[in-house]
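Let's take a walk through this protein together. Keep the sequence and the 3D view side by side as you read.

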Amino acid sequence: MMNLIAALPMYDWPEVRGEVDAQWGQLRDAFRQKGIDAPQAIARSNGDLPPVPGGIHDAQGALIAPDPSTLPPGELDYHKLWLHPALLFAQTCWGPMELGLSSHVQVIGQPSYDAYEGGQGELYSSALVMRTGEGPEVRSPADGKALLPLDLFRGKRLTFNSLDSMSGMIGLTRDLQAAGESVDIFSSRSESGGHRASIVTVAEGRADVAAIDCESWALAQRFEPAVRKVAIVGWTARRKGLPFITARTTPEKTVRAMREALASLSEQPRIQRVG
């Protein structure tokens, strides 16, 4: 039997790995109290993922991902992690979920974003940032609606973490469309590879605008020096935050037990049961 795997990769910055490990320890212990054989530690690289000889297949038998053992061992391919048949617990984003991942996994719950400006319960939003002094700074709207400084954005260069990111690209695109605009309001668009990289790209003048989810923004305020050169000039609308998922093959009994474990931790600031 393949060893189960867990991962919390979405906010696993090097500076907070101890905090992320502690978060997993809390979850792991709650799962084990429910009789779930949760792994001791989280996976942080392809090399931590059990091999899947012949590759990963969907419910119909079609090949959907290669054997993780064939991937660079020191890197972490999020999509292969999410599709792994031994996945017990991980974070993902609603962007990939909408783009097909949802048919291969089950949603277990949602984190709470109450601790962050721009967050409310299971909902989060993205701070729209530009270099300091290029626009008036604003706070997150109390009603959770989008706050888009369209005149500031027109003709500027957008950078984003990835095309399938709800917080970095898809949410902003939808908010612009609701306002009668599109991403064509920007003169150019470039992919940075991550929210932290987007902040640095804007701070260094290689782009002008980026959408940074509220938890990543909070992390940047703690650990990224480039954040001192950028400021929040707008916000995307609040949407459901990053879901916790498990493999589609995880037994219903285990899924139910994990949801019960999350409910038992619901008084903690980082965990919230799915509705």
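Start at Ala 247: leaving out residues up to four places away in sequence, it touches His 84, Pro 85, Leu 87, His 104, Val 105 and Gln 106. Contact here means heavy atoms within 4.5 Å. Ala 247 sits in strand E13, residues 244–247. (Helices are DSSP runs of H or I with at least four residues, strands are runs of E with at least two, and both are numbered from the N terminus.) Is Ala 247 buried or exposed? At 3% relative accessibility, it counts as buried; that word means under 20% relative accessible area, while exposed means over 50% and partly exposed is in between, using a 1.4 Å probe and protein chains only. Ala 247 is also 140 residues from Val 107 in sequence, yet their C-alpha atoms are 9.0 Å apart in space.

A word on what you're looking at: this is a predicted model, where local features need pLDDT of at least 70, side-chain atom pairs count only at pLDDT 80 or more, and totals for chains, interfaces and linings use all residues. Residues are numbered from 1 along each chain as its sequence is written, and side-chain values use heavy atoms, with hydrogens and water left out.

Now hop to Thr 236, in the loop between strand E11 (230–235) and strand E12 (239–240). Thr 236 is buried too, with a relative accessible area of 4%. Its side chain reaches the backbone nitrogen of Ser 126 at 2.8 Å. That's a polar contact: a pair of N or O atoms within 3.5 Å, where, within protein, one must be able to donate a hydrogen and the other to accept it, and residues adjacent in sequence count only if both atoms are side-chain atoms. Beyond its neighbours within four places in sequence, Thr 236 is in contact with several residues, including Ser 125, Leu 128, Lys 145 and Asp 175.

Next comes Ser 187, in the loop between helix H5 (166–178) and strand E9 (188–191). Not counting residues up to four places away, Ser 187 touches Gly 155, Lys 156 and Arg 157. A polar atom of the Ser 187 side chain lies 3.0 Å from the backbone oxygen of Gly 155.

Finally, zoom out. The protein has 8 helices and 14 strands, and buried residues make up 55% of its 275 residues. Of the contacts with a separation of 6 or more, 74% involve residues 24 or more positions apart. Along its principal axes, the C-alpha trace spans about 55 × 40 × 35 Å.
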